[in-house]
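Subject: Structure handover

Hi,

Here is the structure I promised to send over. My notes follow below it.

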Amino acid sequence: MLPSCKSNATAIRSHPLRRGSLLLGIGVTFAMLGGLPPTRAQDQKEPNKPKLQEGSPAPELEGGVAWLNTGKPLKLKDLRGKIVLLDFWTLCCINCIHIMPDLAKLEEKYKDQLVVIGIHSAKFDNEKSSESIRKAILRYELKHPVVNDAERKIWGAYGADWWPTIVLIDPEGKVVGGRAGEINFSLKELDLSIAKLIQFHRKKKTLDETPIRFDTAKFRDQPDTPLYFPGKVLVDTLGKRILIADSTHHRI
């Protein structure tokens with residue numbers, strides 16, 4: 001059956017990581033609603049999909065065919081002490097692209113406490129190419145590691161069913177909460193949830209605020225060319241000029 005799109009309300013009711021999703025012991029709701037309808041992987045329900053509970057150990061990030069934007073594969077057990085945000089996305093999903101700027105703001109604000117990891121779980125076969133994902137990382141200026149989950153093994157381990165899906169994991173490796181659908185929303189609520197987690201785990205002395213740097217594709221692979229993913233061209237006949245939108249250099 002072909003993938004389809006449904007409303008956010010349907011997504012939240014049916015997704016295993018759904019409404020409520022409280023930060024345990026903190027009392028802050030991790031709610032991410034609103035935006036365009038999310039894209040669902042399929043219409044038929046999968047009865048064997050895991051239903052993660054708040055406070056349950058987060059499944060390890062195993063089964064990806066390649067890791068990008070980092071010098072080596074990452075394991076959640078090696079990120080203990082950090083708050084981890086998993087972003088399940090795919091190339092064809094405009095909803096996924098829309099939330100990237102919000103994630104970038106959180107990465108910058110909490111750069112010593114938060115680690116964002118992109119889980120690229122392809123919708124179509126032609127999106128499974130690691131090279132295509134690498135180009136998307138450069139085009140959208142992603143600064144965090146991305147795993148090519150071409151066989152959707154990580155997707156399945158987390159019971160994901162929609163693009164995008166966000167999962168928040170605390171410094172002790174436990175699932176805090178998650179939501180399916182575009183978050184055009186509540187950057188404020190997610191920001192507050194992360195801030196509360198930082199406060200809680202600082203007091204508990206389980207937060208690692210040591211800076212961490214990843215070997216991103218931008219530093220290794222950015223070509224030395226005047227244009228970087230140019231978007232559009234306009235010919236100005238009167239001024240005898242050609243105007244080029246040099247998209248990823250953010251200039252004309």
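Start with an arginine and a tryptophan. The charged end of Arg-152 sits over the ring of Trp-155, 5.4 Å from its centre. (A charge sits over a ring if NZ of Lys or CZ of Arg is within 6 Å of the ring centre and within 35 degrees of the ring normal.)

Some ground rules. This is a predicted model: local features need pLDDT of at least 70, side-chain atom pairs count only at pLDDT 80 or more, and totals for chains, interfaces and linings use all residues. Residues are numbered from 1 along each chain as its sequence is written, and side-chain values use heavy atoms, leaving out hydrogens and water.

**Aromatics**

The structure holds three aromatic pairs. Rings of Phe, Tyr and Trp (its six-membered ring) pair if their centres lie within 6.5 Å; planes under 30 degrees apart count as stacked, over 60 as edge-to-face and the rest as tilted. One of the pairs is Phe-88 with Tyr-158: ring centres 5.8 Å apart, planes at 55°, so tilted. Phe-88 lies in strand β4, and Tyr-158 in the loop between α4 (153–157) and β7 (162–163), so the pair ties together parts that are 70 residues apart in sequence. Phe-88 is buried, at 0% relative accessible area. Tyr-158 is buried too, at 1%. (Buried means under 20% relative accessible area, exposed over 50%, partly exposed in between, with a 1.4 Å probe and protein chains only.)

Trp-155 and Trp-163 also pair. Their ring centres are 4.7 Å apart and their planes at 35°, so this pair is tilted. Both Trp-155 and Trp-163 are buried. Phe-88, Trp-155, Tyr-158 and Trp-163 form one aromatic cluster.

**Overall make-up**

The chain has six helices and eleven strands. Helices (H or I, at least four residues) and strands (E, at least two) are DSSP runs, numbered from the N terminus. Of the 252 residues in the chain, 46% are buried. Among contacts with a separation of 6 or more, 77% are between residues 24 or more positions apart. (Contact means heavy atoms within 4.5 Å.)

**The sheet**

Six strands make an open sheet in the order β3-β6-β5-β4-β8-β9, with mixed pairing. Its edge strands are β3 (66–68) and β9 (175–180), and each pairs on one side only. Neighbouring strands are turned by 20° against each other on average, direction ignored. Two strands pair if DSSP finds at least two bridges between them. Axes are lines fitted to C-alpha atoms, for helices over the stretch in contact, and angles run from 0 to 180 degrees between N-to-C directions.

Look at β4 next. Seven of its seven residues are buried. Ile-83, Leu-85, Asp-87 and Trp-89 point one way, while Val-84, Leu-86 and Phe-88 point the other way. In a regular strand the side chains alternate between the two faces of the sheet. β4 runs parallel to β5, joined by seven bridges. Leu-86 stands opposite Ile-117 in β5.

At the β9 end, the pairing is antiparallel: five bridges join β8 (residues 165–169) to β9. Leu-168 stands opposite Gly-177, and Ile-166 has Arg-179 as its bridge partner. The hairpin of β8 and β9 has five residues between the strands, and Gly-173 there takes a positive phi near 80°.

**Helices**

Helix α3 (residues 130–139) lies across β3, β4 (83–89), β5 (114–120) and β6 (146–148), at about 15° to β3. Helix α5 (residues 187–204) lies across β4, β5, β8 and β9, at about 150° to β4.

Ala-195 is in α5. At 30% relative accessibility, Ala-195 counts as partly exposed. Ala-195 and Tyr-110 are 85 residues apart in sequence but 8.7 Å apart in space, C-alpha to C-alpha.

Helix α2 (residues 94–109) has a kink of about 30° at Met-100, shortly before the proline Pro-101. The bend at a residue is the angle between axes fitted to the seven residues ending there and the seven starting there. Met-100 is buried, as are other α2 residues, including Ile-97, Leu-103 and Leu-106.

Best wishes
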